[in-house]
Structure formats: structure tokens, C-alpha cells
Amino acid sequence: MPVPGLEPSLPGPAYLDEDTFTAEREHLFARSWWCAGREEDLPPGPGTYVRTDVAGEQLLVVRGRDGALRAFANVCRHRGAELVDTRDPDAASGCFPGAIRCPYHSWTYALDGTLRATPHLDSVEHAAFGLHRAELDSWAGFLFVRLERGTASLAGELGPIPARVANYPLAELVTAETLHYAVQANWKVLAENFNECYHCGPVHPELCELVPAFRRGGGSGLDWERGIPHRDGAYTFTTTGTTARRPFPGLDTDERERHKGELVYPNLFLSLSCDHVAAFVLHPTSAATTHVECRFLFHPSEVERPGFDPFDAIELWNVVNRQDWAICERVQRGMASRWFDHGWFAPLEDPSVDIRRWWAARMSP
Ligand code: FES
Ligand SMILES: [Fe+2]
């Protein structure tokens, strides 16, 4: 039944059902450019790698002898053994010693994924058994992979986002700290929450002290393109609103004083202050659980300075994050009620409707 002024959210099962989550992996995650970390995670030098999970697939991002990064399935072409043990947390990143050797029968692959050696089997045509590849591209230092070939380029999918944050030296930034959260909520609940500030007044008292505009009018009328102003005397997301760190080089006057945010569908959220960026990478693990990786990015010239301490930013963000995850978990639990068929978006929450449209367009056959 239409309700004037309100838009229905996705139906409850879209957030609750494992069958829907399986369909999302197939139709949405596997076909989207998926943030899989940062280029900085792979140090220079041939053979460095990181293992990452995308839509239930284990991938290896490997730096080749030519310096290029490639994404391979973590699956041997012989009998399917994992090339890197996914049960071993110490093997989540590392360096292959010149080649990738399967531990089972020693089929060995070059760093570009081509099969090079099949011991005692001269008849195997090596060219036919290279490692399976996923597409890989990068933007602003973030790595993106896509399991299934598609027509849209990463640049095409990013649309106007790079232009809006062009002054921030994102590609140069380095991760000084990463917080990990196991959130008992569907990934779309987190995305919808990130996209509206209607909840900021009730949920984030500390943040609203710093950014009074978040409280006014239920967070409506915020000019995210120009950036959100802080209270007088404050200019960054720290507990004091100030910091000893210098602003990023290249920012304009607004960007040195205001805050910006971007949601790179489906799994990267960016929150940009003048001296640091909080980057949230979502890893949906089931319909009702999401692992959130929250990276704190700083300019290398600040990280190298004596006395560098990221704690002022991390402290505030950890408070805000925990408030967000707690309220999202309450949504997830509440939606399981027999009386919940779907929710409603008020005009203040309009950007969250956009996620519904984005999701529906990709999930429909
Ligand atoms: S499964 Fe890898 S060499 Fe046999
Ligand atoms: Fe929030």
C-alpha cells in the first residue's frame, strides 16, 4: 500500500534469507567491482601476494615479475588443491619464492599464472592449464576485483566519485591502523545506515557535538558535495575536532575544514577528513553477518614524522562505529519478527532508497 511521503524498503527476506544471500553472491558480488584491499598491501618485489575472499571465492592477488598485479583463483588446475592454505592465518599474505608451487603434486605456476612445471608428466599441455583469473583494477590505491567478466569498466562504475574527491591524495595514503568488527547484520543494513544521517542525532551524541549539522533537521539538507561543516574551531573527525597532523597537500579551503563521504557500491565506504581517511571495506559472510574492516589512512609524510599517533582519530571512530554496528544489529534482530514485512524510507533517508534501486536492478534476471 503506497504511503504518501514514504518509500518502502526492500522486503524483509532480502536481509534475512540465506537463499537471497546466495543469489546476491552470484548475481551481484561476482559481477561487481569488489574492493579487495589496497595496493600498499603488496610490497614491491615479485611474488608478494594477499589472499582475499570475494563472493565465497578465495583469490590470490599476486605481484608479477613485471610489477603488475593479477588476481587468480586459489585453486590448482590439477586436482583442485588450495595453493595457499585458507586455514592458516599466517598465510593470508606473503611472498612466493619466484613461482607458485602446489603442495600436493608440485604443479608449479609462474607469477603471471601460466603453468610451468608438471613433474613426471611430459604430455600435459601447459598453455591449457594456467590459473583461473579474475579481473583486477585499481583506483585511488584501492584494489578492485571482479570474478565474472563484464562490460562496465571500473572507471565507468565509479562514475562521478573520483572527481568529487580528486584533491585528496588517496593513492599515496598509507594504512596506519585497521580495526576489525564482526557485525551481526546484513551488509545492506550497514550500507543503508551509512547513507543516511537521520539516525545521527539519536545514535551519535559525540559525533553531533563535533558536527552539529548532523543533528539539525534530522540530518537533512547536508551538502556532501561541498562537505559538512564542523562546530566552530573544529576541522577533523577526532575527539577534540583538531589534530597535530597537517592537512593533506592539495586540498581546497572547504576540504581543509569540512568532511566528505562516499559510498562506492557495493562494499567500500569512504569518510574523508582533512588529515585522515576512514575506509570501511565490507566482507559479507552470510545473510546476517558482515565482517567490517576499518582502515585509517594517513599521508606518509605524517606517518614518518616523530611522534605520529593516529589514536585521536581511531578513538572517535571506534565510538561511532560501535554505535552504528549496535543499532544495525538491533535492526537485524527486529526484522526477524513475523510482523515485519518491509521498512520505510522517509525523504530524509532518500540516498538509502538508491541502494534499493541499485540492488534491484542487478538482482532481477
Ligand atoms: S592438486 Fe595441485 S598439483 Fe595436484
Ligand atoms: Fe552512523
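Predicted model: local features only at pLDDT ≥ 70, side-chain atom pairs only at ≥ 80, totals over all residues.
## Helix 5 against helix 10

Let's start with the helices. Two packed helices are described by the angle between their axes and the distance between the axes. Helix 5 covers residues 187–194 and helix 10 covers residues 311–335. Their axes come within 10 Å and cross at roughly 130°, so helix 5 and helix 10 are oblique to each other. The crossing of these two helices is right-handed.

Who does the touching here? On the helix 5 side you'll find V189, L190 and N193. Helix 10 brings D324, W325, I327, C328, V331, Q332 and M335 to the contact.

## Helix 5 against helix 11

Helix 5 also packs with helix 11, which spans residues 350–363. Here the angle is about 140° and the axes are 8 Å apart.

The residues where helix 5 and helix 11 touch split into 5 nonpolar, 1 polar and 2 charged.

## The sheet

Now for the strands. Strands of a sheet pair through backbone hydrogen bonds, either parallel or antiparallel. This model has an open sheet of 7 strands with antiparallel pairing, and going across it you meet them in the order 2-11-10-5-4-3-6. At the edges sit strand 2 (34–38) and strand 6 (93–95), each of which pairs on one side only. On average, neighbouring strands of this sheet are turned by 30° against each other, direction ignored.

Take strand 3 (residues 48–54) and strand 4 (residues 57–63) as an example: they pair in the antiparallel sense over 6 bridges. If you want a spot to look for, D53 stands opposite Q58 in strand 4.

## Aromatic rings

A pair of aromatic rings is described by the distance of the centres and the angle of the planes. The count for this model comes to 16 aromatic pairs. One of them is Y49 with F96: the ring centres are 4.4 Å apart and the planes are at 20°, so the pair is stacked.

This pair links distant parts of the chain, as Y49 and F96 are 47 residues apart. Y49 belongs to strand 3, while F96 lies in the loop between strand 6 and strand 7 (100–101).

Note on methods
Residues numbered from 1 in each chain as written. Chains lettered and ligands numbered in written order. Heavy atoms only, no water. Axes fitted to C-alpha atoms, helices over the stretch in contact; angles between N-to-C directions. Helix = DSSP H or I, 4+ residues; strand = E, 2+ residues; numbered from the N terminus. Parallel < 35°, antiparallel > 145°, perpendicular 65-115°, else oblique. Left-handed = near helix turned anticlockwise from the far one by under 90°. Contact = heavy atoms within 4.5 Å. Pairing = 2+ DSSP bridges. Phe/Tyr/Trp six-rings, centres within 6.5 Å; stacked < 30°, edge-to-face > 60°. Nonpolar A, V, L, I, M, F, W, Y, C, P; charged D, E, K, R; others polar.
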